[in-house]
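This report describes selected features of the model shown below.

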Amino acid sequence: MLVTWRYKPRKSLIQSFDPRAWIIFYACFLATTVLFWDFRYQAALFIITLITVLTSGIKFNEMKRAWIFIGGFVIFFSLLTFLTGRGGVELYKEEHLITRLAANFTILGWRPTLTITAEKIMYAVTMLVRVFSLASMTILIPYSLNPAHYGITFRGLGLPDKVAYGMDLTMRFIPSFGRDFMLTRDAQRARGYELEKITGGLFATVRKLAPLIVPVTIHAIVGSEDIIDAMDLRAFGVGPRTWLEQLKYRKRDRLLIAFGILLLALSVGLSLLAFGKFWVPQFLLALAR
Amino acid sequence: MTAVSPLIVEGLSFRYRSRELPAIQDINLTLAPSQVVLLAGASGCGKTTLIRCINGLIPRSYKGELTGKVLLQGQEVTELPLARISQLVGTVLQDPERQILGSVVMNEVAFGLENLGWERAEIRQTVDETLARLKISHLRDRQTHSLSGGEKQKVALAGVLAMRPNILVLDEPLASLDPASAQEALDLVRTLADEGMTVLMVEHRVEDVLRIQPERVLFMQDGRIRFDGLPGEIQKNVDYREVKLPAHMILAAAREDPVPPEIKPLLAAASSSVQTPLVQFKDVTFGYESGLEVLHGINLEINRGDVIAVLGPNGAGKTTLVKHAIGLLKPTGGQVLVNGRDTHQLSVAEIASTLGYVFQSPSHMLFAPTVREELAFGPTNLKHSPELIGEEVSQAVEIVNLAGYEETPPLSMSFGQQKRVSIAAILAMRSRILVMDEPTAGQDYKNYMAFMNSILQLPTFEAILFITHDIDLAVIFSNRVLMVNQGQVVADGAPAEVLRDQDRLRANRLVPTSLLQANLDYFPMTQKFYSAEGLAHRVPAGG
């Protein structure tokens, strides 16, 4: 059976809008964020994110796990880009060296060296802010969208009945998959299986993960067959469908959509005019001299 | 007869494409309106296939060879559009979890009507009426996944009833319900039939269904209908070992048969003289992240020789309590000791060698390509020697009656067989304590009676604990009953003491069974609880 995300009605900015309006705004916001590499632009977008998060009414405790997971992930990769300098090379051609840290030992004749340049620092920082904006705006959605409205939201965005209901099921499939995974892990641990003790090469590791992967996968397949049967038994897809829930755009929703589209249009314009490219502040360049 | 019969089945046979033998053969059946028809039979007898032929899933979703026909209101099922079938036949599946689609009760009940394209106002009105009729209006805005088992079953039923079918098909509707919820569900079925609906109810708990006086009883075996008659004729025509009959019928029938061997449980416990508790709960409290406390101050000891039945309503905290014993959950207050050691200091895998835990759902654990490998997984993790593992696996296979299936992929087996594989997988680990969460759910009567009997006589276990909704299991197999309600142990003692108090049973959503009653009646003479077959040879005839 499908479970839902931890939605609760809350007095919050995000929940004061029609879900369709919010999804449209969200899509515009994502596209805008992806367009720019200028830290100043990203900072402005981050303020919008921050306002949304702080007014969301979701307690930190409720989202703790999601934050820790995404936070850890983002920081790890930003650090990795900083240490290796990978990824940024397409954005800047020359680098200004601030300092070079060389280890006082060598490994097989190779001396680990960290070159810190103004560009690398800015790239890592911009990346961090950018991904945090994207991730934060995304995590808020499952906590703020009423599961009873998933279907009609997608229908209202112009998707056909079947696809809209499919999206509804998909949204709920993710937390259900998580629950099945936990149940399977518990059931196998009760048979003396220890995930922590898995060692060996990639192939061996995958083999030893079978007790987790197989039941979870099979469960998902059998579960979807059940869902299809249950839908068939209640005449799904025989004709145009009535959606019991109704959504109505109000003035504020139209304004939000307008704001989103304007933001995107402006951003596309700016980026076509070559604004918002990678930016390094003067003081960092000064440090390099 | 002028009126068209709601359901006629003529010479129906079906073979699944992937199977060699037909699942059902030559089924003939004509149902009259306003009747409750009970269809009983062991698992694999073909009842689920028959249901699929009636509700149109065969041949639409399941392919194979179909001969004969099914007529709904005189029209052939294969020629009717799905939308029409769904208004003629409403199907409630065994497990409501597999049927509920909506995330909120309101949406779930409205789902079929939305698909039929009804007007919104009409849908709302019908949903409200249906909820009111099932007395679950208060659940209207609840999220479906947060409901208890009994509530889910009623919501699934509401979703089907809202479409106003002429025929209601129920596939083992009582399986996941506590006895009080089961009784309510049955009363409701009776009312629906009295109001004109035809109800076909598949159930092997014959005793429970007989209480609402079905007009007709069918008994299926090996894909064929073996008996079709009145409830009064069951005793002579239906084998009491195959389905669960009322105690008085078994008492009468079993007297002619040889005396069943007496169960002498837990031989390992008798040989041990040490008397420290195997598992100890000391003031255990537990709450989930949300801050809600689920267990409140549990004190409990599991000792050598205990065969404990844990009873209590849906959502009482039984599974939560039992998961503490294997360390899957750690108490937020107090201590759980296994073999004198705090579970906070032990990994689940370490506890697994002492305490075997059979989960409720087999589909969450089966993964291996063959039954043999599936059963060897646990003992291998516990580093048993290959020779010992071989022995453990063959013994476990015997106990759950799956000999000959060693090389079969568990994932291709029926639900009932999978459940038995999951039990065997834990038996093969030869732990000292066995814990089972609803071992009989989804099993037919004959099979679960057989494996419960065998498990109790295994020489390896020092204590057994099982969670169940079935009072009769507690009566027959346990020597200690633990009643749990609202996160507390409300009664703990010998079955004869705990189960005697009818008010207490009702307060914990349990309903006295005919077997319990018979045992209580004869207790002054027997001084012990027995199965109906056992009683048959110990009490005077006609008593």
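## Basis of the report

The structure is a predicted model. The values given here are therefore computed from predicted coordinates.

## Chain A: elements and overall form

Chain A contains 10 helices and two strands. Read from the N terminus, the order of its elements is α-α-α-β-β-α-α-α-α-α-α-α. Chain A is more spread out than a compact globule, because its radius of gyration of 24 Å is well over the 19 Å that the globule rule gives for 289 residues.

The C-alpha trace of chain A spans about 70 × 60 × 30 Å along its principal axes. Buried residues make up 31% of the 289 residues in chain A. Among the contacts in chain A that link residues at least 6 apart in sequence, 81% are between residues at least 24 apart.

## Chain B: helix α6

Helix α6 of chain B comprises residues 149-161, 13 residues in total. The distance from its first C-alpha to its last is 18 Å, close to the 18 Å expected at 1.5 Å a residue.

Helix α6(B) is mostly covered, with 12 of its 13 residues buried. The buried set runs through B:G150, B:E151, B:K152, B:Q153, B:K154, B:V155, B:A156, B:L157, B:A158, B:G159, B:V160 and B:L161. Which elements cover these buried residues of α6(B)? The cover includes one strand, β6 (89-92), together with the helices α4 (105-115), α5 (120-133) and α7 (179-194), which belong to chain B as well.

Technical notes. Residues are numbered from 1 along each chain as its sequence is written. Chains are lettered from A and ligands numbered from 1 in the order in which they are written. This is a predicted model: local features need pLDDT of at least 70, side-chain atom pairs count only at pLDDT 80 or more; totals for chains, interfaces and linings use all residues. Helices (H or I, at least four residues) and strands (E, at least two) are DSSP runs, numbered from the N terminus. The expected span of a helix is 1.5 Å times one less than its number of residues. A residue is buried if 20 or more other C-beta atoms lie within 10 Å of its own, exposed if 12 or fewer, and partly exposed in between; C-beta atoms are placed from the backbone. Two residues are in contact if their C-beta atoms, placed from the backbone, lie within 7 Å. The radius of gyration is taken over C-alpha atoms; the globule rule is 2.2 Å times the number of residues to the power 0.38.
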